Amino acid sequence: DQLGEISPIEVVPLLERIGRMEQAGRWVLKQALSECARWRKMTGRQLYVDVNLSAVQVEDSLVDYVLQALAESGLTPDALALELTETTLMHNLDQAIYICSSLRHNGVNVAIDDFGTGYSSLNYLRSLPVDIVKVDKSFVYDIENNKFNNLFIKSINDLAHVMDLCHSVDGVETHRQFELTHGRTVATL
């Protein structure tokens with residue numbers, strides 16, 4: 001209460017540094033699933049939830065924990081997408097591939113978040129078992145005047161389509177930005 005709102009950009013590194021990220025991440029996952037289940041019941045709609053993961057959470061026990069949390073919430077695995085940044089995935093590539101494969105095998109969606117800001121190797125995109133590519137919001141900034149940003153979004157979206165991946169562009173805030181991404185992507189705020 002005394003500090004007010006604190007950005008995840010500040011909190012996550014602190015939690016990682018003091019060894020509390022895994023505990024906090026598990027709490028966040030349970031809360032997100034619980035709220036999604038509550039909102040589904042309240043609205044009667046098939047709502048879904050995306051949860052970001054930190055690199056320290058990508059460990060062998062993650063899959064069992066996710067499945068247990070889903071069972072406790074009463075949600076099916078397809079109600080959840082776990083988002084990992086490129087940097088998180090590259091932290092331990094072999095382990096990330098194994099865990100992402102296991103999650104997907106159990107019906108949980110896996111997303112590469114902030115795509116374009118980390119390693120962005122197309123080889124990684126080809127080899128990683130993911131369902132969703134989320135282009136970082138920094139590419140939406142000035143998309144109306146920036147040919148590179150416009151071409152990057154179009155290229156990644158076209159590639160995702162060919163690879164049969166879902167894709168989105170974060171940070172769409174104006175009608176013009178929506179027009180430039182509409183038809184190629186699902187725009188998210």
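Mentor: Gladly! The axes of helix H3 (residues 62–73) and helix H5 (residues 93–105) come within 9 Å and cross at roughly 25°. This is a predicted model, where local features need pLDDT of at least 70, side-chain atom pairs count only at pLDDT 80 or more, and totals for chains, interfaces and linings use all residues. Residues are numbered from 1 along each chain as its sequence is written, and side-chain values use heavy atoms, leaving out hydrogens and water.

Trainee: How is H3 oriented relative to H5?

Mentor: Their axes cross at roughly 25°. Angles under 35 degrees count as roughly parallel, so H3 is, relative to H5, roughly parallel.

Trainee: Is the crossing of H3 and H5 left-handed or right-handed?

Mentor: A crossing is left-handed if the near helix is turned anticlockwise from the far one by less than a right angle, and right-handed if clockwise. For H3 and H5, the crossing is right-handed.

Trainee: Which residues of H5 make the contact with H3?

Mentor: Contact means heavy atoms within 4.5 Å. H3 brings Leu62, Val63 and Val66. Their partners in H5 are Ile99, Ser102 and Leu103.

Trainee: Which residues does Val66 touch, not counting residues up to four places away in sequence?

Mentor: Val66 belongs to the H3 side of the contact with H5. With those sequence neighbours set aside, Val66 touches Leu29, Leu80, Leu82, Leu103 and Val108.

Trainee: At roughly what angle do the axes of H2 and H3 cross?

Mentor: Helix H2 spans residues 21–43. H2 and H3 are roughly parallel to each other, and their axes come within 9 Å, crossing at roughly 30°.

Methods
Axes fitted to C-alpha atoms, helices over the stretch in contact; angles between N-to-C directions. Helix = DSSP H or I, 4+ residues; strand = E, 2+ residues; numbered from the N terminus. Parallel < 35°, antiparallel > 145°, perpendicular 65-115°, else oblique.
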